[in-house]
Amino acid sequence: MNRAKWLIVGVLAAGAVLTGCGTPAESAPEKPARVVPVQGTSLSRVVLTPKAAERVGLMTAPVQTLSTPGAGPASSTVPLAAVVYLADGTTWVYTVPEPLTYVRQSVTIAGVAGDVAVLKAGPAPGTQVVTVGAAELLGSEYGVAGGQ
């Protein structure tokens, strides 16, 4: 199955994975994900409960710098698994500005080497990006509901 089909499967599964993973309370149960607009942008923060993050199995890795002797300036890289593709063909990663908070950031991919995406533009080296669970975050951000 190609990467685009896997992304669609992951996004559709997002609601199913996150549905019902809040903890019961006397009143309404806590929602597993909150989507909070980032003021002044068209982006949103996805804030998960600890239980939701555990259930999704979120994993992160830092943006790395790849330097090849004699090949020009060093380039930033991310695991290819961190990259999500929107229907319009744009490429993104989810950054982690604070615990349990995820914000989509645009990336421009210069090339792919194995399981690594070499970036022309994107987050600074050292920035944590989501490598497992990005499709579920995208589904939460866009309000894709799972089976109930």
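**Leu137 and the core around it**

Student: Which residues touch the most other members of the largest nonpolar core?

Tutor: Leu48, Leu58, Tyr94, Tyr102, Val130 and Leu137, in a core of 17 residues. A nonpolar core here is a set of buried Ala, Val, Leu, Ile, Met, Phe, Trp, Tyr and Cys residues joined through side-chain atoms within 4.5 Å.

Student: Which elements give two or more residues to this core?

Tutor: β2 (44-48), α2 (50-56), β7 (91-98) and α3. Helices (H or I, at least four residues) and strands (E, at least two) are DSSP runs, numbered from the N terminus.

Student: What is the model, and how are residues numbered?

Tutor: It is a predicted model, with local features needing pLDDT of at least 70 and side-chain atom pairs pLDDT 80 or more, while totals for chains, interfaces and linings use all residues. Residues are numbered from 1 along each chain as its sequence is written, and side-chain values use heavy atoms, leaving out hydrogens and water.

Student: Back to Leu137. Buried or exposed?

Tutor: Buried, because its relative accessibility is 1%; buried means under 20% relative accessible area, exposed over 50%, partly exposed in between (1.4 Å probe, protein chains only). Leu137 sits in helix α3 (residues 134-141), where 8 of 8 residues are buried.

Student: What does Leu137 touch?

Tutor: Val46, Leu48, Leu58, Tyr94, Tyr102 and Val130, not counting residues up to four places away in sequence. Contact means heavy atoms within 4.5 Å.

Student: What follows α3?

Tutor: Gly143, with a positive phi near 75°.
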